[in-house]
2 protein chains.
Amino acid sequence: MQRKDCFVLKGNIIYAREDRTLAEQSEGYVVCEDGICAGVFDGIPEQYKNFPVTDYGDALIVPGMTDLHVHAPQYTFRGLGMDLELLDWLAAHTFPEEARYGELSYAKQAYPYFVEELRTSCTTRACVFATLHGEATVELMDELEASGLVSYVGKVNMDRNGGVNLCEESAEASAAATRDWLSAVKGRYAHTTPILTPRFTPCCSDELMRLLAGVQRETGLRVQSHLSENPSEIAWVKELVPEASCYGDAYALFDMLGSPDTPAVMAHCVYSDDAELALLKAHGTYIAHCPESNLNVSSGIAPVGKFLAKGLHVGLGSDVAGGSTLSMLRAMTLAVQVSKMYWRLVDNTVRPLTFADAFYLATLGGGRYFGKVGSFLPGYEFDALAVDDSSVKSMRRLSVTERAERMAYQECACRLVGKYVRGRKLV
Amino acid sequence: MQRKDCFVLKGNIIYAREDRTLAEQSEGYVVCEDGICAGVFDGIPEQYKNFPVTDYGDALIVPGMTDLHVHAPQYTFRGLGMDLELLDWLAAHTFPEEARYGELSYAKQAYPYFVEELRTSCTTRACVFATLHGEATVELMDELEASGLVSYVGKVNMDRNGGVNLCEESAEASAAATRDWLSAVKGRYAHTTPILTPRFTPCCSDELMRLLAGVQRETGLRVQSHLSENPSEIAWVKELVPEASCYGDAYALFDMLGSPDTPAVMAHCVYSDDAELALLKAHGTYIAHCPESNLNVSSGIAPVGKFLAKGLHVGLGSDVAGGSTLSMLRAMTLAVQVSKMYWRLVDNTVRPLTFADAFYLATLGGGRYFGKVGSFLPGYEFDALAVDDSSVKSMRRLSVTERAERMAYQECACRLVGKYVRGRKLV
């Protein structure tokens, strides 16, 4: 009898190990057994001989990628209005667009564009911000669940400094709306998990943070937010929460920075100093490094080499629409590129990222937030991509690792021809 | 009787003016008369009513783009080995690959890949480095001519500090090979022009520079080279030409920096100080800004905002394979992105580039090197692109300018559906 989610993919396989080195197997076989990776082999082992084989020919096969930070409602205006800094950009572009999701009909029209592009992208897992609107957030979660992607999704909380029609009336109203939303989605999904999402300290009063911490304690849910993205934002947080020793502490003070068992995702950390990084390490925080967004809204460059050297958890985020694209391949190349500028222009003691580092960040680095995800080591959940790079001509035979590097830099010339999440075929 | 190269294109038209502002005409008509642009109109003027019309529907129509700096032989290894700084990268990757073009058979296999991708890209004009090999350079020029693209192409000169099998024997041998190459191509092309191409000062002895200046005086040809790309390179030039007041002066001293009537293209200028910029301005030099290359080989960020404020000529270059892609759309977005980091990390008195600036640089800024090229103002040579952006979904009606910005950021989702150079259809 054929078992469900048991199969073999054949192709040129590459994946990251936990020590950030890459393993490759040309013309290899990667085995999925009950949705879990059984390993990579140069031939099909005896016990898997009866599994069906999909032969991807000369294509590359890589682990699925994790987008640790993306704003679903902002997808509609990605690549527009890229002339402003963070706080002005939020006011001019982001808040007016997010306000539209108060109409469920708008969400029903707009969210499918986002979900369909995410489904057909290299992303298999994502941590997603919705808007403050509960109904629209349920709509987004329904669509993500139907897509087969695995995600954390958060209804946003914001009770101060929002935009026109984009601010909750009070801390209590925001917390109550959060409880309503959590009731609506309780037990509803297999692949979609709610996550508490205070927008960022400037938009969340102390009282709201306290109430959300209460919800967190009751539910055990994780938290996602933004941290130390931009100098003006950081100065503002210092005024708003003067008792915090650093911006990160403005979350920790209210028990909203998570713990190693229930880790938070904090996007950016461009300006986190050693004390803040020590705080993040103690809390087991995952840093979502979003290089394109940091360029586009003129934030700066996060010292990812330093994060890795300190043993912090790091993955990549598209941060659409601070980032213009959902492409994790673009996030990989930009992560390498900006790390070189950090080395050149800011601190030449922080080594630039290698391609292997970037590949690790896009796959295993962010995947770990979802458990054993992001590698083809035995025991990992089976998320895989097959990528046809045949239109990228070469004059010599390249190693699988070289082809993977080129895939990242030549993303427009590559084509996703297969995609699997938890052993289920999406593309 | 129907005249050659007389036609009308219909679509959503955008182009830059000489003051770097953008003009747009939705559902407009751009007229080509004898290969020259007659202007953009909201209806077809009476005198052009008999011209054939190609209706590109809802597509964008933009001027052709100029790649002011690209290395044709390096196309084969673009997007590989992106872990080294300039001088190490030249030794490890570039010189060994360029040495292969000593075999004409290799050039005949490899150059068509480059030319075909350039033909089907957004680039209509290019300043191209070949290798030091005369025969292979003629091969490249033949192929570029056949493609319909317009280009300057240079056989490279290098008589010191080359690689294995990639160094000319002496200054005299290099100059003689240059004369042979120029004889071979004399009168051979309508769209392809030879340009003198001393690789850069570290690879060209004083004597070679003197001899090339002699060739320049005899032929009146233009010059292209590299300038002030990387700190180690600049320190090396200081040792090699101690009498020069700056790196740029190491060209000027030997009459190899051109003049306003015969302008040189100098790639990079990342570290050009005010004195060097004054020298470039006096000589009418065109700066080829290559943002992706400057990231990839860890050079730094060129202060393009400063160049523009000083009234210098600037355009964009892909600098393949320091850059990984021939895409001028990518060059546009990266130019904006790195200018924001220059503002944030280096000098906050230099304003970041706007999208209009980047569009100008990719079209008219670089196009001017070829004459009246890069705009749809009346009198410009007719280089045009039609771009289908219909797969980039939007929730509201966008202006043509907004769509053009999004085209640049969403390049993978856009499709070139028409391309014209000097009024001739290439795609």
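In the predicted model, 15 residue pairs are in polar contact between domain 1 of chain A and domain 2 of chain A, both residues of each pair being at pLDDT 80 or more. Salt bridges between domain 1 of chain A and domain 2 of chain A number 4. In one salt bridge, A:Arg20 is paired with A:Asp357, and the closest N and O atoms are 3.3 Å apart.

On the side of domain 1 of chain A that touches domain 2 of chain A, two or more residues each come from strand E1 (7–16), strand E4 (53–63), helix H13 (400–409) and strand E18 (415–421) of chain A. Of these elements, H13(A) gives the most to this side, with 6 residues. By class, the side of domain 1 of chain A that touches domain 2 of chain A comprises 15 nonpolar, 10 charged and 3 polar residues.

The domain assignment of chain A places residues 7–63 and 374–425 in domain 1, and residues 65–370 in domain 2. The contact draws 28 residues from domain 1 of chain A and 32 residues from domain 2 of chain A. A distance of 29 Å separates the C-alpha centres of domain 1 of chain A and domain 2 of chain A.

The size of an interface is often expressed as the accessible area lost when the parts come together. Between domain 1 of chain A and domain 2 of chain A, the buried area is about 2,500 Å². Carbon and sulfur atoms give 62% of this area.

Conventions:
Residues numbered from 1 in each chain as written. Chains lettered and ligands numbered in written order. Predicted model: local features only at pLDDT ≥ 70, side-chain atom pairs only at ≥ 80, totals over all residues. Heavy atoms only, no water. Domains from an automatic or database assignment. Contact = heavy atoms within 4.5 Å. Buried area = accessible area lost by both parts, 1.4 Å probe. Salt bridge = Lys/Arg side-chain N within 4 Å of Asp/Glu carboxyl O. Polar contact = N/O pair within 3.5 Å; in protein donor to acceptor, adjacent residues only side chain to side chain. Helix = DSSP H or I, 4+ residues; strand = E, 2+ residues; numbered from the N terminus. Nonpolar A, V, L, I, M, F, W, Y, C, P; charged D, E, K, R; others polar.
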